[in-house]
Each structure stands twice: as C-alpha cells, then as structure tokens.
Amino acid sequence: MAVIARPRGAVSEQVLDRFATEKRLAGLNILVAFIALSLGGLMGVFQILEYNGIDLYSAVKPVLPGGYYQGLTLHGVLNVLVFTTFYIIGFLTFITAKSLDKPLVNKGLGWFTFWLMVVGLLMAAVPILMNRATVLFTFYPPLRADGFYYLGLTIVVVGTYFLLLNQTLTYLAWRKENQGAKIPLAAFMAIVTMAMWVIATIGIASEMLFLLIPWSFGLVPGTDVILARTLFWFTGHPIVYFWLLPAYISWYALIPKQAGGKLFSEPMARVSFVLFLVLSAPIGIHHQFTDPGISQIWKLVHFIFTVGVFFPSLLTFFNVVASLEYAGRRRGGKGWLTWIFALPWKNASFTTQVFAMFLFAFGGTSGVINASYNLNLVVHNTAWISGHFHLTVGSAVALTFMGINYWFIPYLTGKKLFSNTMGLAQAWTWIIGMATFSHFMHMLGLLGMPRRTMVGAAPYVLPEWKAFLPFALIGGLLMFVSAILFFLNMLLTLSAGKPEPGQEVPFAKAVSGPEDVPVVLDRFWPWVLGGFILIAINYGPTLYFLITTARFNIPGLRPW
Ligand code: HAS
Ligand code: CU
C-alpha cells in the first residue's frame with residue numbers, strides 16, 4: 001500500500017536510478033576534494049613565486065600570519081590528504097557498487113562515512129587556518145600543533161574505515177547471490193585498495209592515539225621523536241599507493257574502453273593489486289634512511305622490498321600499454337609505434353589520463369633513485385623529492401582524477417561536458433607545465449637546493465639555483481593556467497552543460513578476462529595475511545626496539 005501511495009515520479013525515479021545515493025555521495029566527496037585542491041593548488045603558486053623572490057605571503061599576512069610555512073602546510077594537507085582522500089572515498093564508493101551492480105547495502109553508513117570525514121576535516125582545518133598547526137603534512141614532533149589538528153585528521157582516517165565496512169557488507173551480500181562468480185575487476189580492486197589502506201593506517205592511528213593526541217592536549221609532558229616518525233612512515237609510505245591505486249583502477253578498468261579496446265590481461269591486473277596489498281606497508285623505512293635509531297639491517301631490508309614494490313607498477317606499465325596498443329590497432333593503427341597516433345587523442349578524458357601515465361613513468365623512475373640506499377643520501381630533503389612527488393601524486397594521481405572527472409561529472413549530473421577542447425588544453429598545459437617544473441626541481445635538488453625552505457629569503461642561494469628557478473616558475477604558472485581551465489570547465493558544466501541523459505560508465509572488457517582468473521586472485525584473505533606477516537617481519541624488531549627504549553621526554557615546540 002505504501003508504495004502505491006507514493007507519488008509516481010519518485011517511484012519511477014528510484015527504479016530508474018538504483019545508484020542515486022552512491023552518485024550523490026560521489027558528487028559531494030568530489031566537491032569537497034576539489035574545493036580543497038583549489039586552495040591547496042593556489043598555495044603552490046605562492047611557493048614557487050617565493051622561491052623566485054616574489055613574496056605574496058606578506059601581501060596576505062592578515063589571512064596567513066604564518067606565511068610560507070603555513071602556506072606550505074595548507075598546500076600539503078589540502079592536496080595530498082584532503083583532496084586525495086575525499087576523491088578516493090567518493091570514487092570507490094561509486095565504483096564498488098556500480099561494478100558489483102549492487103547498491104551499497106547500508107546507505108546510512110555511506111552518509112555517516114561522509115559526514116564523519118567532513119567533521120574531521122573541519123576540526124583539522126580550523127587550527128591550520130588559525131596558524132596553530134603550521135607543522136606541514138608530516139607533522140613531525142617536536143613541532144607541536146593544536147590537539148584538534150591531530151584529532152580532526154584521525155577522525156577523517158577513521159571515517160574511511162567505514163567505507164571498507166560498507167564495501168565488505170555489500171560484497172558479502174553480492175557473494176550470496178553470485179555463488180561461484182568472479183568478483184568484477186573494478187570492485188575487486190576497490191576493495192583491495194581499501195583493505196591495504198586500513199592495514200596501512202595502523203601506524204598513524206597508533207602515533208595519533210598513543211603519542212600525539214595525549215601530548216598535544218597536555219596529558220603527557222613529552223613524546224618520542226623517532227618512534228613517532230617511524231609510526232608516521234609506517235602509514236606515510238603506503239598512503240602513496242592509497243592515492244595511486246584508484247588511478248590504476250581507472251587505467252585498468254575504464255581507460256581501455258575509452259581507448260576503444262579491451263584490457264590486455266585481467267589476471268595480470270589482479271596480480272598487480274594483490275602485490276600492492278602485500279608489499280605496500282612493510283617498506284616505510286625508505287623514508288628514514290638518514291634517521292638515527294634504526295638499524296642498518298632493517299634499512300637495507302626495506303630498500304630491498306621497495307625494489308619489490310616496483311614490480312606491480314612495471315606489470316601495470318606493461319598491461320596498460322598493451323591495452324592501449326590493442327585499442328590503437330583495433331582503430332586501424334599500424335606499425336611498431338605508429339598505432340599510438342590512432343588512439344583517441346581528441347577525447348579529453350582519455351588524453352588527460354594517458355598524460356598522467358606518461359609523467360608517472362618518470363616519477364616512478366625517480367622513485368627508484370630515492371629508494372636506493374646510497375643515492376638517497378644525495379637527494380633526501382632536497383628539491384629533487386618535490387620533483388618526484390609532483391610527478392607521482394601531483395600527476396599520476398591528480399591528473400588522472402581530473403581526467404576521470406571529464407566523464408564522471410557529466411555522468412553524475414546528466415549534463416554534457418561544457419568543453420572537450422578546454423579539457424584538451426588543460427591536459428596539454430599540465431603535461432608541459434609539470435614536465436618543466438619537475439625537471440627543474442629534480443635538477444635543483446641535485447644542486448643541493450633544500451625542500452621545505454623559504455628559499456627566496458635564504459642568504460645562501462647559489463647562482464646555479466638562480467639560473468634554474470625561473471624555469472620551475474614557468475612550469476608552475478603553466479600548471480596554474482591548467483588548473484584554472486579545469487575548474488572553469490567543471491563550473492561551466494555544472495551551470496551551463498547541455499542535458500545528456502543515458503550516459504554509461506565505461507567499464508572495459510578484457511582480452512584475457514575473468515575466465516582466466518585463478519581462484520586465489522579472487523580472494524582477499526591470503527593476501528591480507530601475507531601483508532600482516534611481512535609487516536611483522538619487516539617492522540617487528542624495529543618497533544620492538546623503539547618502543548622498549550622510548551623516552552617520552554621531548555616537549556613540543558612552536559617555532560612559528
Ligand atoms: Fe615516492 C618520497 C620511492 C611511488 C609519493 N614519494 C615520496 C614523497 C611523496 C611520494 C609524496 O624510496 C615525499 C614524502 C615526504 O614528504 O617526505 N616512490 C618511491 C618508489 C615508488 C614511488 C620506489 N611516490 C610514489 C607514488 C607516489 C609517491 C606512486 C604518490 C602517488 N618516494 C620513494 C622514496 C621516497 C619517496 C624512497 C623518500 C625520499 C626521501 O629521501 O625523502 C614506486 O612505487 C614507483 C614505481 C612506478 C613506476 C612507473 C610505472 C609507470 C606506469 C605508467 C605506464 C604508462 C605509460 C603510458 C608510460 C615503475 C605504470 C604510455 C603511453 C603510450 C601511448 C604508449
Ligand atoms: Cu615511500
């Protein structure tokens with residue numbers, strides 16, 4: 001009776017759009033993500049201008065009393081913590097449900113996840129904006145922020161756990177109805193990503209709960225710096241794969257279709273993801289090669305396993321390029337390499353994401369140099385590292401998310417993308433800008449320019465740096481133009497996009513598909529267990545030593 005009494009429009013709308021909630025959740029998460037990126041990106045422009053002696057921070061002193069370092073904190077936190085996390089939670093919420101063809105079993109939990117994350121975000125944002133948390137995104141003690149900064153970030157992280165819970169419940173319900181079937185690829189990957197992430201956060205959750213929160217609220221007088229840093233990097237390394245894997249989901253499960261072809265190998269794609277599940281967390285000490293208090297042996301072990309985590313990305317390289325080649329040939333492309341020209345380069349969503357892949361090939365390469373035990377001593381804490389992560393999180397991830405938006409926002413809103421040409425211009429300005437910026441940042445690093453330093457005000461700037469810095473500025477400004485094109489296109493799509501109903505999610509089929517997937521690549525537990533065992537081996541002795549010798553006697557500092 002209740003159903004009959006409902007207005008007819010509402011019923012038919014519900015029947016038509018089973019994924020209305022997931023779409024709304026995705027849209028809102030993406031909105032928060034891009035608001036964060038707009039402010040975080042602006043802070044990046046301020047930084048590169050400062051390096052070149054143009055200090056905009058003094059112009060906005062009433063708003064940003066902490067100047068360069070407050071701006072840098074905003075840049076890091078908003079771009080790599082807020083933008084990424086909200087985008088990923090929105091994207092994976094939708095992708096899991098849509099790929100399983102089953103709406104989330106607990107929609108209330110979906111909303112709870114979103115609002116909890118928003119509360120955490122606001123709690124952390126206020127101290128940063130008040131210049132009470134100018135501790136950068138790594139918040140190394142003894143720098144000490146307002147306690148609400150740590151508490152807010154912790155709440156955001158806890159919020160993300162509920163997506164894994166919701167995914168698990170939805171997957172189990174799906175499994176009941178689909179005994180014996182293979183989990184659809186995108187859903188499998190989305191669940192692996194979240195499982196990897198939740199395991200990875202054990203480090204930061206412990207750091208927050210046992211060290212930083214009690215310390216920042218004055219409940220304990222001191223903390224232990226090395227223990228805190230080690231717990232931070234326990235999560236701080238795998239967080240980069242939490243950012244990367246959703247981009248990989250798009251490269252594997254969607255791009256081949258957008259290219260006009262198929263994924264080359266689904267089993268190989270799954271191998272890549274389960275390797276990330278096992279190998280992501282137990283390698284964080286490659287961020288601490290120069291830290292005292294950690295034995296050389298374990299630094300070496302983490303180096304070796306970091307080389308191991310290179311392989312899932314090399315598999316991805318091979319698989320994604322093979323899929324692109326398949327598409328190129330299917331579109332009539334010929335020759336050893338000239339099939340590349342047959343790809344749909346006029347499609348903004350495709351081009352933006354392939355440019356992201358291209359930049360990542362270089363970012364990945366500088367990653368291996370970072371990971372090398374001895375070469376790290378040359379590049380650690382220099383501008384080289386900024387060059388590296390702008391190609392990885394700043395391109396492989398951020399540019400892919402922008403590229404996804406070129407089909408996703410039209411899909412979510414039922415409106416046509418305002419301008420595909422503007423999207424293409426955005427992709428080209430980004431790749432040229434980022435290639436220039438990151439090349440010169442790498443070079444400046446090799447010339448010894450430190451990162452996270454107000455170089456424009458430093459008395460020791462070398463003439464060689466002065467020669468390269470303007471090029472980094474040109475690259476940075478091109479990226480700024482690119483970002484403006486992106487935001488404009490999104491705003492115009494929302495406000496003036498023509499209606500385009502009936503759009504579809506471009507899920508790709510595979511040349512070698514689910515029928516070739518062995519059962520072990522359709523299970524989570526063996527890999528989760530493998531991950532835990534490797535964490536116990538690679539971190540057990542170091543954490544045991546650091547915990548049993550910890551002296552909680554370092555007071556907080558606020559040098560800003
Ligand atoms: Fe990293 C520092 C090592 C990947 C992000 N990294 C950082 C920091 C960030 C970051 C933010 O070992 C700074 C943290 C801080 O503030 O201190 N990184 C690596 C290694 C990899 C790596 C070995 N990093 C990433 C990713 C990130 C990221 C991914 C973000 C998303 N990184 C390090 C180390 C440090 C570090 C040290 C510490 C340095 C220090 O001293 O402080 C690897 O996972 C990379 C493997 C990737 C590849 C590339 C595969 C290419 C693909 C694309 C193929 C498709 C193409 C298209 C080319 C091997 C998959 C072709 C197109 C056609 C049309 C044909
Ligand atoms: Cu790392």
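Predicted model: local features only at pLDDT ≥ 70, side-chain atom pairs only at ≥ 80, totals over all residues.
Let's start with a helix pair: helix 16 (residues 420–446) and helix 17 (residues 463–496) have axes that come within 7 Å and cross at roughly 155 degrees. Helices here are DSSP runs of H or I with at least four residues (strands would be E, at least two), numbered from the N terminus. The axes are lines fitted to C-alpha atoms, for helices over the stretch in contact, and the angles run from 0 to 180 degrees between N-to-C directions. Helix 16 and helix 17 are therefore roughly antiparallel to each other, a label for angles over 145 degrees, with under 35 counting as roughly parallel, 65 to 115 as roughly perpendicular and the rest as oblique. Their crossing is left-handed, which is to say that the near helix is turned anticlockwise from the far one by less than a right angle (clockwise would be right-handed). The residues of the contact between helix 16 and helix 17 divide into 21 nonpolar, nine polar and no charged.

Residues are numbered from 1 along each chain as its sequence is written, chains are lettered from A and ligands numbered from 1 in the order in which they are written, and side-chain values use heavy atoms, with hydrogens and water left out.

Helix 11 and helix 12 pack at an angle of about 160 degrees, with their axes 9 Å apart. That makes helix 11 roughly antiparallel to helix 12, and helix 11 passes helix 12 in a left-handed crossing. On the helix 11 side the contact (heavy atoms within 4.5 Å) is made by M268, A269, V271, S272, L275, F276 and L279. Helix 12 brings F305, G308, V309, P312, S313, L315, T316, F318 and N319. Sorted by type, the residues of this contact are eleven nonpolar, five polar and no charged.

F305 is partly exposed, with a relative accessible area of 27%; buried means under 20%, exposed over 50%, and partly exposed in between, using a 1.4 Å probe and protein chains only. Leaving aside neighbours within four places in sequence, F305 is in contact with L279, I283, L534 and N538. H439 is 134 residues from F305 along the chain, and their C-alpha atoms are separated by 27 Å.

Next, the metals. Donors are N, O and S atoms within 2.8 Å of the metal (3.2 Å for Na, K and Ca), and water is not among the atoms, so sites may look incomplete. Distant parts of the chain are linked here: H237 sits in the loop between helix 9 (225–236) and helix 10 (238–258), and H286, 49 residues apart from it, in the loop between helix 11 (266–279) and helix 12 (296–330). H237 is buried at a relative accessible area of 4%, and H286 is buried too, at 10%.

The copper ion and the iron atom of ligand 1 are 4.5 Å apart. That iron atom has a single donor from the protein, H388 (NE2), 2.2 Å away. H388 belongs to helix 15 (residues 383–413).

D101, in the loop between helix 4 (67–100) and helix 5, has a phi near 55 degrees, a positive value in a residue other than glycine. D101 counts as partly exposed at 46% relative accessibility. F139 also has a positive phi, about 35 degrees, although it is not a glycine. F139 lies in the loop between helix 5 and helix 6 and is buried, with a relative accessible area of 2%. P142 lies in the loop between helix 5 (107–129) and helix 6, and the peptide bond from P141 to P142 is cis, with omega near 15 degrees. In helix 6 (residues 147–177) you'll find F148, which touches M123, A124, P127 and F217, not counting residues up to four places away in sequence.

Conventions
Nonpolar A, V, L, I, M, F, W, Y, C, P; charged D, E, K, R; others polar.
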